[in-house]
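Me: I have a model open and want to learn how to read its packing. Where do I start?

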Amino acid sequence: MNGGDMKTPLLAGSDADADADADADATESLPQRLGNPVIGIIGSGDFSRSLAIRLVASGFSVVVGSRNPKRIPKGLFPDGVELRSQREAVDSAERVIFAAIYPEHYSTLVGLRDGLAGKVLVDVSNATRLDDGELSNAEQLAELFPQSRVVKGFNVISAWALQTGAHDGSRQVLICSDCSDSKATVVQLTRRLGFSPVDLGGLVASRDIEKAPLHLFPSWEGATLVTFLLFLFFYGYNVVKHVLLPYLAHGEHNFYQLPLETVNQTLPAVALILLGLVYLPGLVAAVLQLARGTKYKRFPSWLDRWMCRRKELGLMSFLCAGVHAVYSMCLTLRRAAGYRLLNAAYRQVKAGVENSWEEQQVWRSDLYLSCGILGLGVLTLLALTSLPSVGNALNWREFTFMQSGLGYAALTLSIMHTLFFGWDFAFFPEAYRYYLPPVYLLALILPCVVLVGRVLLALPCLALRLAKIRRGWESSRHRPSHSQGQEITSGRVSPQNFGDV
């Protein structure tokens, strides 16, 4: 790159007269000050059409190059877009050209090498597999066109996202290139289109950028696996206790419970444990800081990964709780529920019972339903604040209150909902049929441990010490001794002492 490149405008098309008049006319629009630069696009597919729509809406002139422009139907591209051959599109573009074709067709552009020389060639392709050790598409394009300045970008943006308008402009565009000036050009262009550019360095980073769209929810793998394993365990537990063992021991046919009732018994247990897993790593981290007497030692890697997945665990808990609420409302719609109601009424008439009102059971049902509804409502609020558009509107104190204060409120209400549901049933021998405890007792263990641990950490003797540690205080065993301090200040520091410091 020579010295003349530094004098070239980031987006070509702004002549000297426009620069001279910029100060005189401060109200002139940005596209006018930039002279409506012509952007070239090689390729006429869906992405090319969506990109052209966004460029035209942002004030750019666009020329699309196709192998056979006459075969493109009229109206496919917006008004103002010129459809030409690939050679004419390359010659018409002032500085920036998008290569919107598949990588296997890059070799067909070799004949345009002279026209592409010195221009910014933006590669928007994605990788086709996650294999490592191969050159990226952008690196291969740079080898084919050594005189062009290849920039990787826009591959993580879908064709739909390009057409949705400025309100969707918070999407990030990952950009990398070995040419800083060309990269700055694409960064400025990205902002003009309403997106947020992220500079990832040299062109070697394109290997990771091209593979980014191939990953399927990478941050959700752990939370999804934990949810699946918990559901599998509790569902199997319910099947064994309420379906399989009664059939083997007494010939009871309860298999009709498998599609709905058993699932509904499993979901709240999974939701409650997942919610406990959201706040357990925070307690473990606090205990480690108290035990170490400092906050400057790294947590174990497993704890770091766990804490980074709390959002996903919380959302999976919300999903299970929400589905459980829907299942519970559908229980009375089942034919089995109608038969049970008729059988209960028949037994009541046969026994001569005129009034079956039980005050205790009325209180029980109202209390556990009320706690469940309130817990789900608070959990819904937590799920909403986890959205970036909502969370970014909160300051740190508000966000902490929502995620921590209301989070423990949701956990408490969920525990109360479960306790009121169980009532005193856990104290009767029939609750432990086949020597197996009720599912809700198993689900309560972890959340209760988390809640008790949070109460203990709220005690002044622990809370004040933890607050000091998190503000930078360290216990005496982590501070250098007085003699070491004298050696350091006097300049007489041995290699061993310096390593200790």
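Reply: Start with burial. A residue counts as buried when its relative accessible area is under 20%. Keep in mind that this is a predicted model.

Me: What percentage of the 501 residues count as buried?

Reply: Here 37% do. The protein exposes about 28,500 Å², and carbon and sulfur atoms supply 60% of that area.

Me: What is the secondary structure made of?

Reply: It comes to 22 helices and 8 strands.

Me: How do I read a nonpolar core?

Reply: In soluble globular proteins, nonpolar side chains tend to be buried together. In this model the largest nonpolar core has 43 residues. L230, F234, L274, Y279 and V450 have the most contacts inside it. Among the elements that give two or more residues to this core are α11 (221-250), α12 (261-292) and α19 (439-457). α12 gives the most, with 16 residues.

Me: Which residues does L230 touch, leaving out those up to four places away in sequence?

Reply: V270, I273, L274 and L277. A second, separate core has 30 residues, including I39, A52, V151 and F195.

Me: How do I describe two packed helices?

Reply: Use the angle between their axes and the distance between the axes. Take α16 and α18: their axes come within 8 Å and cross at roughly 155°. Angles over 145 degrees count as roughly antiparallel, so α16 and α18 are roughly antiparallel to each other.

Me: What is the handedness of the crossing where α16 passes α18?

Reply: Left-handed.

Me: And contacts along the sequence?

Reply: Take contacts between residues at least 6 apart in sequence: 72% of them join residues at least 24 apart.

Methods
Residues are numbered from 1 along each chain as its sequence is written. This is a predicted model: local features need pLDDT of at least 70, side-chain atom pairs count only at pLDDT 80 or more; totals for chains, interfaces and linings use all residues. Side-chain values use heavy atoms; hydrogens and water are left out. Helices (H or I, at least four residues) and strands (E, at least two) are DSSP runs, numbered from the N terminus. Buried means under 20% relative accessible area, exposed over 50%, partly exposed in between (1.4 Å probe, protein chains only). Contact means heavy atoms within 4.5 Å. Accessible areas come from the Shrake-Rupley method with a 1.4 Å probe; for residues, only the protein chains shown count as cover. A nonpolar core is a set of buried Ala, Val, Leu, Ile, Met, Phe, Trp, Tyr and Cys residues joined through side-chain atoms within 4.5 Å. Axes are lines fitted to C-alpha atoms, for helices over the stretch in contact, and angles run from 0 to 180 degrees between N-to-C directions. Angles under 35 degrees count as roughly parallel, over 145 as roughly antiparallel, 65 to 115 as roughly perpendicular and the rest as oblique. A crossing is left-handed if the near helix is turned anticlockwise from the far one by less than a right angle, and right-handed if clockwise.
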